[in-house]
Amino acid sequence: PVPTISWRRADGKQIPRKARRHRSSGLLEIPNFQQEDAGLYECVAENVRGKNVARGQLTFYAQPSWTQRISDAHVAIEERVSWECRASGRPKPSYRWLKDGEPLLPQGRVQLEQGSLTIPNVSLSDAGMYQCVAENRHGVILASAELSVIAIGPDFSKTLLKKLTLVKVGGEVIIECKPKASPRPTYSWKKGKDILRENER
């Protein structure tokens, strides 16, 4: 006689409730297929003369999709810049970096590791447009960000040179001079109009 047809998962999990069974045609339909729906499925055909089982593996694949993008950065010379991009996908995406459309390789000060890019001491030559590329066999996506490197002249507005009064002759005085500047400035000291030079004191 015409067999009855049923479906089951070989791993013991339940077939998704959203699945639709068409008994007359032996069809199992799973709308909006997701990763948790993947697995080994079995079609069981049975009548009074016996039964037979056919198995099929459903595998979930997905093109990359951003979970974390990079954004524009404005940094001063010798500062640190660090970007990280992350993408989901199946199989897991791999990453590569471009600068102004050209492949960027880990060399010198540029450190690349999977979806992260780090430049510990930025220079003017590092300025440009950077792209993080995530890809697997099902697709390629790009995220772009601009790195602007700025120079800052010495700024004493946030530096306080304290006036000190010695109580004890021969005591030690330390005056700190730390202006905000990029690149790092050179220093010289004056007492009145005379340039101070290092000596035994």
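**Figure 1. Salt bridges of the predicted model.** Eight salt bridges are counted, a salt bridge being a side-chain nitrogen of Lys or Arg within 4 Å of a carboxyl oxygen of Asp or Glu. The model is predicted, and local features need pLDDT of at least 70, side-chain atom pairs count only at pLDDT 80 or more, and totals for chains, interfaces and linings use all residues. Residues are numbered from 1 along each chain as its sequence is written, and side-chain values use heavy atoms, with hydrogens and water left out.

**Figure 2. The Arg-8 and Glu-42 pair.** The closest N and O atoms of this salt bridge lie 2.6 Å apart. Arg-8 belongs to strand S1 (residues 4-9) and Glu-42 to strand S4 (residues 39-47), 34 residues apart; strands (E, at least two residues) are DSSP runs numbered from the N terminus. Arg-8 is partly exposed at 37% relative accessibility, whereas Glu-42 is buried at 6% (buried, under 20% relative accessible area; exposed, over 50%; partly exposed, in between; 1.4 Å probe, protein chains only).

**Figure 3. The Arg-20 and Glu-29 pair.** N and O are 2.9 Å apart in this salt bridge. Both partners are partly exposed, Arg-20 at 40% and Glu-29 at 31%. Elsewhere, salt bridges with shared partners join Arg-8, Glu-42 and Arg-55 into one network.

**Figure 4. The largest nonpolar core.** Among its 24 residues, Trp-66, Ile-70, Trp-83, Trp-97, Ile-119 and Leu-147 touch the most other members; such a core joins buried Ala, Val, Leu, Ile, Met, Phe, Trp, Tyr and Cys residues through side-chain atoms within 4.5 Å. Strand S15 (139-150) is one of those supplying at least two residues, and its five form the largest share.

Definitions and conventions: Helices (H or I, at least four residues) and strands (E, at least two) are DSSP runs, numbered from the N terminus.
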